[in-house]
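Please open the model in a viewer and keep the selection panel at hand.

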Amino acid sequence: MARNRYPGYCYCCGAYVPTGYGHFELIRGGHYGNRWRVKCVKCASGRIVKDTDREVMRAKELRDGGKKHGKNTLPS
């Protein structure tokens, strides 16, 4: 599953899920039409996610349009 680029609330436990700390799913149809929902990594796989995880840094980079996040980058 791909990581979420945008924050939201986990549909399982209701916890706030920052960028990169969950997975997104597209729900087709239904009363409100197509919509996206987020599931936190803890509910999906039981893992504990940290700011230094590669998947979290990549999701933040994609959200910001390719800007790198990490200690080896200069501020813009």
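**The whole chain.** The model is predicted. Display the protein chain as a cartoon: two helices and four strands are present, and along the sequence they follow the pattern β-β-β-β-α-α. Of the contacts in the chain with a separation of 6 or more, 35% link residues 24 or more positions apart. Switching to a surface view shows an accessible surface of about 5700 Å², with carbon and sulfur atoms contributing 53% of that area. Buried residues account for 26% of the 76 residues.

**The core.** Next, select Cys10, Val17, Tyr21, Val38, Cys40, Val41, Val49 and Val56, the eight residues of the largest nonpolar core. In soluble globular proteins, nonpolar side chains tend to be buried together.

**Around Val38.** Within this core, centre the view on Val38. Which residues are in contact with Val38, leaving aside its neighbours within four places in sequence? They are Asn4, Tyr6, Gly8, Tyr9, Cys10, Tyr11, Val17 and His23. Cys10 and Val17 are themselves members of the core.

Now select Trp36, which lies in strand β4, residues 35-40. Is Trp36 buried or exposed? Trp36 counts as exposed because its relative accessibility is 56%, and the cut-off for exposed is over 50%.

Key:
Residues are numbered from 1 along each chain as its sequence is written. This is a predicted model: local features need pLDDT of at least 70, side-chain atom pairs count only at pLDDT 80 or more; totals for chains, interfaces and linings use all residues. Side-chain values use heavy atoms; hydrogens and water are left out. A nonpolar core is a set of buried Ala, Val, Leu, Ile, Met, Phe, Trp, Tyr and Cys residues joined through side-chain atoms within 4.5 Å. Buried means under 20% relative accessible area, exposed over 50%, partly exposed in between (1.4 Å probe, protein chains only). Contact means heavy atoms within 4.5 Å. Accessible areas come from the Shrake-Rupley method with a 1.4 Å probe; for residues, only the protein chains shown count as cover.
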